[in-house]
Amino acid sequence: MSIKINLAEIKATLPDNVTLVAVSKTKPNKAIEEAYDAGQREFGENRVQELVAKAESLPKDIEWHLIGHLQKNKVKYIAPFVSLIHGVDSIETLKEINKQGKKNNRVINCLLQAKIATEESKFGMSFGEIERILKGDAIKTMQNLNIVGLMGMASFTDVHEQIVEEFNSLKTFFDSTRLSTLSMGMSGDYKIAIEQGSTMVRVGSAIFGSRL
Ligand SMILES: *Cc1c(COP(=O)(O)O)cnc(C)c1O
């Protein structure tokens with residue numbers, strides 16, 4: 001299967017209000033160019049260094065998403081150009097994003113990551129913590145960042161019901177906020193995520209093939 005065909009097949013199944021972020025981590029520029037030539041413009045990477053290197057050498061109208069966990073000290077490298085940061089899970093990181101946004105004279109869009117999976121390893125905040133941030137005073141002073149939505153990852157499991165439940169819990173919480181973007185769903189579970197109300201899916205291997 002070619003990248004172009006994979007992309008077309010996935011896009012054909014997506015509702016109009018769902019954005020596809022093509023997750024190109026570990027894949028060579030050639031693969032990204034193939035997707036780009038097929039019309040894809042939003043790409044996601046989970047490592048800052050790799051994201052910066054690819055952004056430098058690939059077309060400038062690509063919108064780059066940082067989808068993985070972001071360490072505070074690395075915000076500065078992506079602040080000048082990043083389109084959306086998905087994995088923000090602390091007020092400290094928000095402060096740093098705001099600071100770097102100011103330095104770069106731009107407003108940086110980000111998503112707060114909610115922990116919905118049962119696995120210990122997944123990053124993210126509880127709904128309570130997110131609510132405190134959204135309603136808190138600190139955020140009001142941060143004029144160089146814009147929290148546009150939430151992001152979550154379901155447990156890595158074959159139990160369909162559990163994935164449904166985890167995405168559904170995030171969607172229910174999301175609806176209680178006034179945010180516009182709900183990033184949930186990867187290659188293995190994006191169809192379930194869309195059924196549960198996702199507005200943005202992050203799909204890698206189903207487009208580019210498996211990562212070794
Ligand atoms: C790697 C990754 C994806 C894409 O995973 P696939 O299973 O290849 O679609 C999505 N979101 C995050 C946060 C990732 O790290």
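Being four residues apart in helix 7 (residues 160-175), Lys 171 and Asp 175 are separated by about one helical turn; helices here are DSSP runs of H or I with at least four residues, strands are runs of E with at least two, and both are numbered from the N terminus. Lys 171 and Asp 175 form a salt bridge, their closest N and O atoms lying 3.1 Å apart. A salt bridge is counted when a side-chain nitrogen of Lys or Arg is within 4 Å of a carboxyl oxygen of Asp or Glu. Both residues are partly exposed, Lys 171 at 23% relative accessibility and Asp 175 at 49%. Buried denotes under 20% relative accessible area, exposed over 50%, and partly exposed the range in between, with a 1.4 Å probe and protein chains only.

The model is predicted, so local features need pLDDT of at least 70 and side-chain atom pairs pLDDT 80 or more, whereas totals for chains, interfaces and linings use all residues. Residues are numbered from 1 along each chain as its sequence is written, and side-chain values use heavy atoms, without hydrogens and water.

The whole structure contains seven salt bridges. Side chains of opposite charge can pair when their charged atoms come close. In helix 6 (residues 127-135), Glu 131 and Lys 135 are likewise four residues apart, about one helical turn, and their side chains meet in a salt bridge of 3.5 Å from N to O. Glu 131 is partly exposed, with a relative accessible area of 34%, while Lys 135 is exposed at 62%. Asp 137 is bridged to Lys 140, with 3.0 Å between the closest N and O atoms. Asp 137 is exposed at 58% relative accessibility, and Lys 140 is exposed with a relative accessible area of 58%. Elsewhere, salt bridges link Glu 45, Glu 50 and Lys 54 in a network.

Strand 2 runs parallel to strand 1 (residues 19-23), joined to it by two bridges; strands count as paired if DSSP finds at least two bridges between them. Ala 22 has Phe 43 in strand 2 as its bridge partner. Strand 1, helix 2 (residues 29-37) and strand 2 form a right-handed β-α-β unit, meaning that, with the strands pointing away from the viewer, the path from the first strand over the helix to the second runs clockwise. Strand 2 also pairs with strand 3 (residues 63-69), in the parallel sense, over four bridges. Here Glu 42 stands opposite Glu 63. From strand 2 the chain crosses through helix 3 (residues 48-57) to strand 3, in a right-handed β-α-β crossover.

The ligand is surrounded by residues that include Val 23, Ile 67, Met 151, Arg 202 and Arg 211, each having a heavy atom within 4 Å of the ligand. A polar side-chain atom of Lys 25 lies 2.7 Å from a ligand oxygen, and an N or O atom in the side chain of Ser 187 lies 2.5 Å from one. Ser 205 contributes a backbone N or O atom, 2.8 Å from an oxygen atom of the ligand. The protein covers 90% of the 380 Å² of accessible area that the ligand has on its own, as computed by the Shrake-Rupley method with a 1.4 Å probe.

How values were computed
Polar contact = N/O pair within 3.5 Å; in protein donor to acceptor, adjacent residues only side chain to side chain.
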